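Have the viewer open while you read.

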Amino acid sequence: MSGKEFFVSRYEKLGWKYEDVTPKQAIRINITNARETDVIKRLETLEIELEKIPFLENGYWIYKSKFSLGATTEYLLGSYSIQEAAAQIPATLFTELKKDKIVLDACAAPGGKTVQLADLMQNTGAIIALDVKRQRLTALANQLERCHVRNTIVYHLDARHASRLKIKFDRILLDVPCSGNFATDKEWFNRRTIGDVERNARLQREILAETTKVLKDDGEIIYATCSLEPEEDELNIDWAIKNLNLKVEKINSYGEKASTNIFGKQLDAQIENCRRIWPGKTQGFFVCKLKKIEDAP
């Protein structure tokens, strides 16, 4: 089953009326490499019009630019990254990252969030960045080099086999492979079926189950997708609560509380601690923070 009418009707059942949107391009200042005020001043001299993103510390929307944001000297020197606004949220939700933490970026390419993690960590501690597709590792490595990241080791490894690393992690970022959404792909409704969504949801559960094994008892998982489909979002987290001895922590994040009732199915009350972001100023997104239940077997 597929088609725009099918998916739009689902969104309406979830409480959101469809509107066609095109999110503005956004950047994030890498404060480890440059002073934010200096970067903004330089971009403004290039007649690039910016607006501070109110729910992000170092994020800016691009309102006007006469050339590619990937062609400036500041970009090439790693002073900023081109990163969609909602995609900047997950890495900021960890309790703290600056005290030599060991962090797993389980699905890392092309590296935007890996660079952001390194920036938040001020290049301390260690990030283990994984990706399942070898051809994407070049893009990941290029991002890390451009942004002067020194605390990251890259592995060609499927996150479903993360326990092979024999490392326990303080923090795990799961920006899992997902079905995406129409805001960033104008052909999305023609490409996607509910079968695609269900396959992705299964893959995401496998990644969740495996990475929970390598999480320290007092560690944190940030789970994120750019999918609007509840199978990949609320329903997966409800499954994790029931099967992985995980709990959902409260977060201070842009977005609205996730629903605890999906198409008539009542979910665990903790699901409202997740945040669902409908397309508008940003693309669609879903994010939550998970921790192990104390004394869980």
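Predicted model: local features only at pLDDT ≥ 70, side-chain atom pairs only at ≥ 80, totals over all residues.

Residues are numbered from 1 along each chain as its sequence is written, and side-chain values use heavy atoms, leaving out hydrogens and water.

Start with the largest nonpolar core, which has 48 residues. (A core is a set of buried Ala, Val, Leu, Ile, Met, Phe, Trp, Tyr and Cys residues joined through side-chain atoms within 4.5 Å; buried means under 20% relative accessible area, exposed over 50%, partly exposed in between, with a 1.4 Å probe and protein chains only.) Tyr 223 is among the members that touch the most others. Apart from that core lies another, of 35 residues, including Phe 94 and Leu 144.

Now the cysteines: there are 0 disulfides, counting pairs of cysteine sulfur atoms within 2.5 Å.

| Cysteine | Closest cysteine sulfur | Distance | Relative accessibility |
|---|---|---|---|
| Cys 107 | Cys 178 | 10 Å | 14% |
| Cys 178 | Cys 226 | 3.3 Å | 18% |

Cys 178 and Cys 226 don't pair up because their sulfurs are too far apart for a bond.

Finally, Asn 123 sits in the loop between helix H4 (112-120) and strand E6 (126-131); helices (H or I, at least four residues) and strands (E, at least two) are DSSP runs, numbered from the N terminus. Asn 123 counts as buried, at 14% relative accessibility. A polar atom of its side chain lies 2.9 Å from the backbone nitrogen of Arg 150.

Definitions and conventions
Polar contact = N/O pair within 3.5 Å; in protein donor to acceptor, adjacent residues only side chain to side chain.
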